Amino acid sequence: MIRTRHATRTLLLSSVLIAASASPARAAPAAPERFELGINSTNDGCIATRQWTAGESGVRFAAAQPFSITCRGVSAAEAQGYVYAPDGDAGTDQCGASVEMQIAGLGPAEVRRCIDPVLARQVVDLRFTRDGKRYRGVAVETALAPLEAALRVIATGARAPSPRSAAPSSIALADLPPAPATAAVSERAGLTAEAALAEGIAALQTGRTLDASRILNDALRAFVAADAGTKLDLRLAAGLADSNLSQFDAADAHFVIGQLLLNNNPGLAQAAYKQQQLTTYRGLHLVNQRRWDEALEVLSMSGAGSKDLSDPATLSQLNQEPAGQIDSLQSSLTDANLLSRSLLDAQRAWALSVAQLGLGRTAEAEAALAVAADLARTAVRTVAPERIVWIRAAIERQKGRIEARKGAIETSLANFDCAITALQGGTPSAGHLCVFPDARPLPDTALNAPLLVEAQLERASVASRDAARDPGAVLKDYEEAVQSLANLSGTGPVSLGALERYFALLAEGAQTDQRDEEFFRAMQSIGEPAIAREYAQLQKVVSADPEIAGLLRERTDLERQLIRLRYEITASTGAGEADLPALERERAAADARLDEVNRKLLAANRIGALAISPRRSRASAKRSPPARSTSS
């Protein structure tokens, strides 16, 4: 794969709507552009992402690029490790003595502790030779298992692990000599603004809204000196992520600063498109607040910036290797930009449909959704399905809501099944009722798990309205979705409206230990799903020795402090009198202490994947009817 510098930036801008840049390719790389690594020792999922930072000439080659390793959680926008390109420059060592160890799937390797100049923190460094090529990767101690997984994929072509898989590291930390006693040399880096933006957008479009907010707000802090175009892209995406989390004041601030960036930079590339994007996102923001009339007014202002891409041959180039020379990259960039504009219009029309339905205007909602479907149809049929399934599922679900409002429950359920099947990469059983009837297999359905659970919950809610349906079958539908929620991270809260009928059905049934546990699980999911892990961790604290209990509590406090500082710093970048240096010093100190606490817990062998199996007595699970919701 080759990519020009101009291509890197332009394609990334297009990815604001298609989750990953539609990069033209000469030959497929041995490793994907982005792949899952399983979970780290603090139970956060990790991924590897190609960085596209190496190369001084006009063309950059995929094989020469490093991979960053990032993990969900409080430091989602900071690299936790990276893998050099094979035979790449290893930089300057600040390392202790090496120890040879056998690494699963890789063989013998030199392992040492280092102070890494890129991450500016203590890491474990792993080096080995395979098939005549030298490989090197580094990671913080809590991300060693993901590092080993990344190296297996990159060096051996092994299959990437599933998102929630857990494998122990092969590295015996107790056998490693200490790193040199030298201070970290720079502000933490290791992740580019473009990579942070792409990962934040991918999180948004796969339903990991909390991850998206963390990544994008952290990126705004880390890249405060970036160019106006980069800051605008980050602001728009962060505003939408925060709005999806009901952080409406934070979203308003992002959009206000985004408008200022547009006003103060009239020569900005694609300024007219960015203005349309900002207006559409503000409309979506109003939809999230259920301010239907205002949303209609704003979304109508944004207008349609492009016509439907009616030529399949044009879009098919997004999934093909260019036949010509490097100059043909420019035409591919044009295609990607056209796709981006068409999908933005589809998103706007979808939001208009949601607002119209919120006002009880079923016919107008159906008409707007038909426009959205027409705008997205060619892209859904021709673009790689993993890049487009988010809009396909959104349109099918909205069609299901419209049919439910009309009283056609069976047709509504069929449309929800169309969305669920699309997210599973399967063939719709009632294809003739689907807006998009074609089957499109997905390479990794686990990436869409949050969207799938949302669709399953909404389908169960619609099914519960059918008086003829067996309540036991409805409960089973809910239970499957709620059980899946416990395995998700970074998704943000589940609305009470999505579970209202489930609570009612549980309350109507006989009180048993099983029902109490089901009720408890559902209550946990109303907040961030990760709270389930906090309950499990709390149980662990109760039985742990005092030192370990203190470290676990301190880790929770430090993570909360870092979350607070993330949003304070992001908000302060738009204020002239804010004391950013003081906030950054507080953040750096908390970050360093969190590293130290995690190392101590890892050394004590007391952290890892936590089972989510809260047990409660019937007496502690007093249930009352849930609050009413006016969910549409």
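Two strands are taken to pair if DSSP finds at least two bridges between them. The model shown in the following views is predicted.

**View 1. The eight-stranded open sheet.** Antiparallel pairing joins the strands of this open sheet in the order S2-S3-S5-S6-S10-S9-S8-S7. Its edges are formed by strand S2 (34–39) and strand S7 (99–103), each of which pairs on one side only. From one strand to the next, the twist averages 25°. Helix H2 (residues 144–156) packs on the sheet and touches several strands, among them S2, S7 and strand S9 (121–130). The direction of helix H2 makes about 30° with that of S9.

**View 2. The pairing of S7 with S8.** Strand S7 and strand S8 (residues 107–116) run antiparallel and are joined by five bridges. Within this pairing, Met 101 has Ala 109 of S8 as its bridge partner.

**View 3. The disulfide of Cys 46 and Cys 71.** The sulfur atoms of Cys 46 and Cys 71 lie 2.1 Å apart and form a disulfide, one of three in the structure. The link is right-handed, with 100° about the S-S bond. Because Cys 46 belongs to strand S3 and Cys 71 to strand S5, the pair ties together parts that are 25 residues apart in sequence. Cys 46 is buried, at a relative accessible area of 1%, and Cys 71 also counts as buried, at 5% relative accessibility.

**View 4. The disulfide of Cys 95 and Cys 114.** Here the sulfur atoms of Cys 95 and Cys 114 are 1.9 Å apart. The torsion about their S-S bond is about 105°, so this disulfide is right-handed. Cys 95 sits in the loop between S6 and S7, whereas Cys 114 sits in strand S8, 19 residues apart. Both Cys 95 and Cys 114 are buried.

**View 5. The disulfide of Cys 418 and Cys 434.** Cys 418 is joined to Cys 434 with an S to S distance of 1.9 Å. This link is left-handed, with -85° about the S-S bond. Cys 418 lies in helix H13 (residues 409–424), and Cys 434 lies in the loop between H13 and helix H14 (449–463). Cys 418 and Cys 434 are both buried.

**View 6. The nonpolar cores.** The largest nonpolar core has 76 residues, and those touching the most other members include Leu 216, Trp 350 and Ala 376. Helix H10 (residues 329–358) supplies the largest share of this core, eleven residues. Beyond its neighbours within four places in sequence, Ala 376 is in contact with Leu 343, Ala 346, Ile 391, Ile 395 and Phe 436. A second, separate core of 40 residues includes Ala 31, Val 83, Leu 147 and Leu 151.

Terms used:
Residues are numbered from 1 along each chain as its sequence is written. This is a predicted model: local features need pLDDT of at least 70, side-chain atom pairs count only at pLDDT 80 or more; totals for chains, interfaces and linings use all residues. Side-chain values use heavy atoms; hydrogens and water are left out. Helices (H or I, at least four residues) and strands (E, at least two) are DSSP runs, numbered from the N terminus. Axes are lines fitted to C-alpha atoms, for helices over the stretch in contact, and angles run from 0 to 180 degrees between N-to-C directions. Contact means heavy atoms within 4.5 Å. A nonpolar core is a set of buried Ala, Val, Leu, Ile, Met, Phe, Trp, Tyr and Cys residues joined through side-chain atoms within 4.5 Å. Buried means under 20% relative accessible area, exposed over 50%, partly exposed in between (1.4 Å probe, protein chains only). A disulfide is a pair of cysteine sulfur atoms within 2.5 Å.
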